[in-house]
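Morning, everyone. Please bring the model up on your screens, and keep the sequence open beside it.

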Amino acid sequence: MLNLLLVAKYLSPEGQGYYYTFQSLIALQAFLEMGATTVIITVGGHEVSRLAWRQSRWCGDLIALERLSSFFRVVLKWFGVVSIAFALVIIPVGSWFFSRRGGSGHEVAWIGPWVALGLATAASLLLVGLNAFAEGIGAIEEVAKIRAFQSGVRVVVFAVALWLGADLWACAWMAVAGTVVNAVGLFWICGARLSKIWKTIPAIGMKWRKTILPFQGRIGLSWMAGYITFQLMTPVIFAFQGAKIAGEFGMALQIALGVSTLATSWVMIRQNPWAQAIARGEWDHLSRDFRRTLVVSSGISAVMAVGIGLVFLGVHLVQIPIRIPRWSFLIPLGTSAILNTAMSAIATYLRSFKREPFLPISILMALSVALGSFLLRGGHPVLLAWWYCVTVGLIGLGGGLWLLRQHQNPLGSVLPQDMSI
């Protein structure tokens with residue numbers, strides 16, 4: 001939220017449009033990650049359920065430790081390739097897009113900040129895999145603390161950079177600072193556990209293609225569809241209606257996605273415990289914990305959305321000189337944040353079974369948003385915001401509730417043998 005206010009205060013309306021379009025294009029990394037982080041957390045949770053970290057060593061099933069070591073090596077290779085591919089593909093794609101759709105280029109200096117941001121993001125992608133693996137082996141609280149500190153440092157660096165007049169360069173400064181903090185924190189806190197796994201020689205390797213790839217393929221398609229659903233609209237508005245409108249719409253959309261992300265963090269910390277409960281067959285506990293998590297996360301999202309709306313109302317009434325999105329954007333996108341939180345909780349729960357039953361829903365949502373973006377690209381951003389809201393509510397949450405009902409027995413526990421569709 002503070003980042004949004006800083007952008008509104010220090011960047012021009014056109015610069016704001018570039019900033020939010022930067023964020024949408026950076027999210028293209030979903031096409032390279034292929035849902036790997038969700039897979040890593042889930043598979044790691046299943047394997048580590050037979051292990052325990054005590055007195056600076058792993059205790060338990062040696063075969064599980066060897067499989068975990070094999071998996072760790074594959075994770076490092078995967079995200080090493082992803083990092084290189086991001087630098088070689090996404091940066092040129094973004095440069096082409098802004099050179100073709102960014103107008104004359106004299107109003108906003110974007111090329112240097114974009115390349116620097118792309119390189120910093122590429123460097124950080126390897127840490128994305130390590131974070132997910134650390135969460136998968138049980139370091140959920142530690143990774144959460146690292147991310148919280150990282151977020152604080154990123155905001156401070158971003159604010160100082162903008163205050164010094166860095167404009168869009170502040171994006172790159174923020175990304176570099178976040179990468180450094182993440183790397184130092186992860187190896188300081190989780191280095192011993194990761195090192196012991198790495199030093200274990202895997203006599204029995206994990207067969208990625210047979211064990212993981214089918215699950216990852218479906219998750220990856222869902223992530224690609226998710227990019228279209230949540231990130232396509234801002235670049236489309238930038239391309240066809242200009243940077244100024246894209247900045248206003250992008251700000252409202254990022255507020256909605258930020259609310260949903262923060263509320264969903266309550267869900268994500270339950271992903272590993274759910275995976276372990278499934279591996280142990282604790283079905284009743286699993287069902288109760290999911291219902292509680294669904295209610296709490298949705299409630300948090302609703303409170304945050306209403307709270308932000310009241311803050312903006314106060315800014316409007318007091319007439320504080322700061323740009324805020326129009327209410328015709330905030331209302332539908334804020335509503336979508338609440339709906340998206342509930343949908344994400346259901347999707348995460350179902351994926352804990354190492355299945356991806358949400359794929360058809362994700363694809364339908366992506367097709368709907370893509371169609372709306374195409375039909376309304378010429379000058380109807382408010383209608384596009386409502387189109388997106390209805391898509392999330394009817395297709396996303398409605399479909400998720402239908403899936404949940406299909407995969408439950410009369411007692412309310414999910415049937416582990418019926419988790420694919």
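Let me start with a question: is R147 buried, partly exposed or exposed? R147 is partly exposed, at 33% relative accessible area. On this scale, buried means under 20% relative accessible area, exposed means over 50%, and partly exposed lies in between, with a 1.4 Å probe and protein chains only.

Some ground rules. This is a predicted model, where local features need pLDDT of at least 70, side-chain atom pairs count only at pLDDT 80 or more, and totals for chains, interfaces and linings use all residues. Residues are numbered from 1 along each chain as its sequence is written, and side-chain values use heavy atoms, with hydrogens and water left out.

Now, salt bridges. The structure holds 6 of them. A salt bridge here is a side-chain nitrogen of Lys or Arg within 4 Å of a carboxyl oxygen of Asp or Glu.

Take E135 and R147. They form a salt bridge, with the closest N and O atoms 3.2 Å apart. E135 sits in helix 6 (residues 111-136) and R147 in helix 7 (residues 140-163), so this pair ties together parts that are 12 residues apart in sequence. When I say helix, I mean a DSSP run of H or I with at least four residues, numbered from the N terminus. E135 is buried, at 8% relative accessibility.

Stay on helix 7. E142 forms a salt bridge with R193, and the closest N and O atoms are 3.0 Å apart. E142 lies in helix 7 and R193 in helix 8 (residues 169-199), so the bridge ties together parts that are 51 residues apart in sequence. E142 counts as partly exposed, at 22% relative accessibility. R193 is buried, at 12%.

How do helix 7 and helix 8 pack? Their angle is about 155°, and their axes are 8 Å apart. Axes are lines fitted to C-alpha atoms, for helices over the stretch in contact, and angles run from 0 to 180 degrees between N-to-C directions. Helix 7 and helix 8 are therefore roughly antiparallel. The cut-offs: under 35 degrees counts as roughly parallel, over 145 as roughly antiparallel, 65 to 115 as roughly perpendicular, and the rest as oblique. Their crossing is right-handed.

Look at the loop between helix 7 and helix 8. D167 lies there. Most residues other than glycine have a negative phi. D167 is not a glycine, yet its phi is positive, about 55°. D167 is partly exposed, at 43% relative accessibility.

Third bridge. D289 and R270 meet through their side chains, 3.0 Å from N to O. D289 lies in helix 12 and R270 in helix 11 (residues 243-280), so the pair ties together parts that are 19 residues apart in sequence. D289 is buried, with a relative accessible area of 4%. R270 counts as partly exposed, at 22%. There is a further partner: R270, D289 and R292 are linked in a network of salt bridges.

Helix 11 also packs with helix 15 (residues 381-406), at an angle of about 20°, with axes 11 Å apart. That makes helix 11 roughly parallel to helix 15. The crossing is right-handed.

On to the surface. Which residues form the nonpolar patch? They are V306, L310, L313, L317, V318, W327, I331 and W386, with about 790 Å² of accessible area together. Helix 12 (283-318) and helix 13 (327-351) each give two or more residues to the patch. Helix 12 supplies the largest share, 5 residues. V306 is found in helix 12.

How is a patch drawn? It takes residues with over 30% relative accessible area and no salt bridge; like charges are joined within 9 Å, and nonpolar side chains (Val, Leu, Ile, Met, Phe, Trp, Tyr) within 5 Å. Areas come from the Shrake-Rupley method with a 1.4 Å probe, and for residues only the protein chains shown count as cover.

Last, two distances. V311 lies in helix 12 and is partly exposed, at 46%. V311 and L404 are 93 residues apart in sequence and 36 Å apart in space, C-alpha to C-alpha. I26 is in helix 2 (residues 13-26) and is buried, at 10%. I26 and V143 are 117 residues apart in sequence and 22 Å apart in space, again C-alpha to C-alpha.

Definitions and conventions. Left-handed = near helix turned anticlockwise from the far one by under 90°.
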